[in-house]
Amino acid sequence: MRRDEFTEMRAFLEVARERSFTRAAVKLGVTRSALSHTIRTLEERLGMRLLARTTRDVAPTAVGQRLVQSIEHHFEGISAEIAALKALSDKPSGHVRIVCPDDAIELVFRDRLKPFLREYGDIQVELIVDNGFTNIVERQFDAGVRLGEAIARDMVAVRIGPDVSYSVIGSREYFERYPAPESPKDLTEHNCVNLRLPTSGGLYAWEFQEDGREFSVRVDGQLVYSNISSAIDAALDGMGLAYAPTDLVRRYVDDGHLREVIKAWCPTFQGYHLYYPNRRNHSSAFSAFVDAFRFRAGRDQA
């Protein structure tokens, strides 16, 4: 079917349904005279009258009614498919790539990923664990995850989690062999589990605070890991003291497997944030991800 034939058939069908050139013209977005000309051209090309016109009404002739019955379901099918395609285009879909520290998986994403993936069945989420300061532009990530204090000013930052407190923890077995430290400076006499920073290659200095003053202590020990979860496991196994987010070790402290020490010096940091370049055109999948994981204090702390 040529384009002009399709236009003529659609115009005829709308006039037959509306029984009015005026109403059909409004629906089609054309003038009444243009619509009348289109119908007249169709009738002349077919050599038959399709519409009976009176001063009060427009109705299909017998031949016109037969044509309505023949083409109506085809146009309804086309309209339904167009609506389905529009709905598909409005539904977020695609791939989201995020780089984040290993503890953010547990602290931020684990509980909230399941409902997100159920709601957005056409979105695929890739979470890459990297405890370093990853260049998300160079490595083509949609966004990264860092604590609020560590985000560059030229990035958009969206908070996705509550404040994060840290604890120094050790097992009952460890403290049967060594006295508990009474202040951060005592840590230099203990076997501490270190964390290697992938970006710089150095060891992470444990951070503390006293009377509003922040300071760091470089600890030593027999074990070095590149992720916090392994350091916690080492503490549970009695191999040394570890420095980890309080929420990750709370259940072990509550059941007596681990003990917190020097709590008065342990800091609280701004919660985790998604950070990404200030670009205008984000994918529908990424926009849905940001909105779903945006931290809302009442909801996410309930």
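Is the crossing of helix 7 and helix 8 left-handed or right-handed? In this predicted model, the crossing is right-handed.

## Two helices side by side

Let's look at how these helices meet. Two packed helices are described by the angle between their axes and the distance between the axes. Helix 7 covers residues 228-236 and helix 8 covers residues 246-254; their axes come within 11 Å and cross at roughly 20°. Angles under 35 degrees count as roughly parallel, so helix 7 is roughly parallel to helix 8.

Helix 7 brings Ile 228, Ile 232 and Leu 236 to the contact, while helix 8 brings Leu 248, Val 249 and Tyr 252. By class, this contact of helix 7 with helix 8 has six nonpolar residues, with no polar and no charged ones.

## Aromatic pairs around Tyr 243

Now for the rings. A search of the whole structure finds 16 aromatic pairs. One of them is stacked: Tyr 166 and Tyr 243 sit 5.0 Å centre to centre, with 25° between the planes. This pair links distant parts of the chain, as Tyr 166 is in strand 7 (residues 164-171) and Tyr 243 is in strand 12 (residues 242-245), 77 residues apart. Tyr 166 counts as buried because its relative accessibility is 9%, and Tyr 243 is buried too, at 7%.

Tyr 243 also forms a tilted pair with Tyr 204, at 6.0 Å centre to centre and 45° between the planes. Here Tyr 204 lies in the loop between strand 8 (194-195) and strand 9 (206-210), 39 residues from Tyr 243. Tyr 204 is buried, with a relative accessible area of 19%.

Terms used: Residues numbered from 1 in each chain as written. Predicted model: local features only at pLDDT ≥ 70, side-chain atom pairs only at ≥ 80, totals over all residues. Heavy atoms only, no water. Axes fitted to C-alpha atoms, helices over the stretch in contact; angles between N-to-C directions. Helix = DSSP H or I, 4+ residues; strand = E, 2+ residues; numbered from the N terminus. Parallel < 35°, antiparallel > 145°, perpendicular 65-115°, else oblique. Left-handed = near helix turned anticlockwise from the far one by under 90°. Contact = heavy atoms within 4.5 Å. Nonpolar A, V, L, I, M, F, W, Y, C, P; charged D, E, K, R; others polar. Phe/Tyr/Trp six-rings, centres within 6.5 Å; stacked < 30°, edge-to-face > 60°. Buried < 20%, exposed > 50% of the residue type's maximum accessible area, 1.4 Å probe, protein only.
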